[in-house]
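Student: I have a structure open and a few things to ask about it. Can we go through it piece by piece?

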Amino acid sequence: MVTAEARELRAPPESRGERLDQVLARAFSDLTRSRIQGLIEAGHARVDGKPAKVALRLRGGELLTLQIPAPVAAVPVAEELPLAVLHEDRDLVVVDKAAGMVVHPGAGHASGTLVNALLHRVKDLAGVGGELRPGIVHRLDKDTTGCLVVAKHESALVALQKSFKTRVVEKTYLALVHGTPKVAEARIETLYGRHPVHRQRFTGKVKEGKPAITEYRVLETFEDAALVEVDLLTGRTHQIRAHLSEAGHPLLCDGVYGASRKAKGRAAEAEEVLGRQALHAWKLSFPHPRTGKVLHVEAPLPTDFTAALKVLRASAVPTAPAKTRARKK
């Protein structure tokens, strides 16, 4: 039986100016950064004996403690939580997932998830898998915002899963990345799998794996950052984050795939405004499971993403993106 655990760490001098969650994630590499952030937000982290927030900047030398509670059974219950619905009919619902919301209940997130919110919000669930629960067709990372489609019953779930698997679904994201891509439009095509060393990460630099295809276009360039539109042609875990990072342009605020990239100037200010990875599931198009008619849904930019863009645009130097050139890996 897994029991509760307490961990301690003396913040090293070189951690001065770094966020609490970044330092803890580096020290306790067996825990994901999102897991650590969840523990901090739940009040399980202290700095010199005092409760702390995720974005706290350290001085170096503080005593950091992290309490890891014993796992609890994830039994979804209906919860009245803020939930923006973009489209709903008798077969499905498309929500605009908020930043910080986990999709499924699990260890460290027994409540407050998208599933908990859907159980309260959706009144005509017919159930999937023999349980009265929503059918999650695809997922978004905790800190990724935007379009996410959910089936209300078994047949809708099967049809939607088939659409996603056969790549007839169009998924377009917006991302803020470090640096300025050398080409205005590119295609990244690799084999894809779990990182051989860092098991919480994924990579396109593997000899064997599943195919992964990401296409992006540069929409705007700023000082040491860019706004890109991304088409996700396959749906591998962390695909956009890993592919863009390995292309030399990790997302702003991505502590997993961009931890070694330090933002400067306005880009650093934009990261302060965001406080999360700069990725938004902007548009989603897919055939309706009952009618076959293509449904187009768009999620407006969240306020933190808009605020980060405003910061970056304040010092933007008008530049033309580099000549379009396809890139293939």
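Student: Where is R276 found?
Tutor: This is a predicted model. In it, R276 is in the loop between α6 (265-274) and β14 (279-287).

Student: Is R276 buried or exposed, and why?
Tutor: R276 counts as buried because its relative accessibility is 4%, and the cut-off for buried is under 20%.

Student: What is R276 in contact with, apart from its neighbours within four places in sequence?
Tutor: A99, D143, T144, T145, L252, C253, P302, D304 and F305.

Student: Which backbone oxygens lie by polar atoms of the R276 side chain?
Tutor: The backbone oxygen of D143 is 2.9 Å from a polar atom of that side chain. For the backbone oxygen of L279, the distance to a polar atom of the R276 side chain is 3.4 Å.

Student: And G209, how many Å from R276?
Tutor: Their C-alpha atoms are separated by 29 Å, with the two residues 67 apart along the chain.

Student: Back to α6. Which of its residues are buried?
Tutor: A267, A270, E271 and L274. These residues are on the same side of α6, because they cover an arc of only 100° around the axis.

Student: Why would that spacing put residues on one side?
Tutor: An α-helix has 3.6 residues a turn, so residues three or four places apart point the same way.

Student: What do the buried residues of α6 pack against?
Tutor: They pack against the strands β9 (170-178) and β13 (225-232), and against helix α7 (303-313).

Student: What comes just after α6?
Tutor: G275, with a positive phi of about 70°.

Student: Which residues other than glycine have a positive phi?
Tutor: D48 is one of them, with phi near 55°. R167 is another non-glycine residue with a positive value, about 65°.

Student: Where are they, and how exposed?
Tutor: D48 is in the loop between β2 and β3, and it is partly exposed at 42% relative accessible area. R167 lies in the loop between α4 and β9; it is also partly exposed, with a relative accessible area of 43%.

Student: New topic: the sheet with β1. What is the strand order?
Tutor: The order is β1-β4-β2-β3, in an open sheet of four strands with antiparallel pairing. β1 (5-10) and β3 (50-51) stand at the edges; each has a single partner strand, so one side of each has no neighbour in the sheet.

Student: How many bridges between β1 and β4?
Tutor: Six, in the antiparallel sense, with β4 covering residues 63-68. As one of the bridge pairs, E5 has I68 of β4 as its partner.

Student: Which helix packs on that sheet, and what does it touch?
Tutor: Helix α1 (residues 20-27) packs on the sheet and touches β1, β2 (45-47) and β4. The direction of α1 makes about 70° with that of β4.

Student: And α2, what does it lie across?
Tutor: Helix α2 (residues 33-41) lies across β2 and β4, at about 95° to β4.

Student: Last one, H153. Where is it, and is it buried or exposed?
Tutor: H153 is in the loop between β8 (145-151) and α4 (154-165). At 14% relative accessibility, H153 counts as buried.

Student: What does the H153 side chain reach?
Tutor: A polar contact of 2.9 Å joins it to the side chain of S155. The H153 side chain also reaches the backbone nitrogen of A156, at 3.2 Å.

Notes
Residues numbered from 1 in each chain as written. Predicted model: local features only at pLDDT ≥ 70, side-chain atom pairs only at ≥ 80, totals over all residues. Heavy atoms only, no water. Helix = DSSP H or I, 4+ residues; strand = E, 2+ residues; numbered from the N terminus. Buried < 20%, exposed > 50% of the residue type's maximum accessible area, 1.4 Å probe, protein only. Contact = heavy atoms within 4.5 Å. Polar contact = N/O pair within 3.5 Å; in protein donor to acceptor, adjacent residues only side chain to side chain. Pairing = 2+ DSSP bridges. Axes fitted to C-alpha atoms, helices over the stretch in contact; angles between N-to-C directions. Arc of directions from axis to C-beta.
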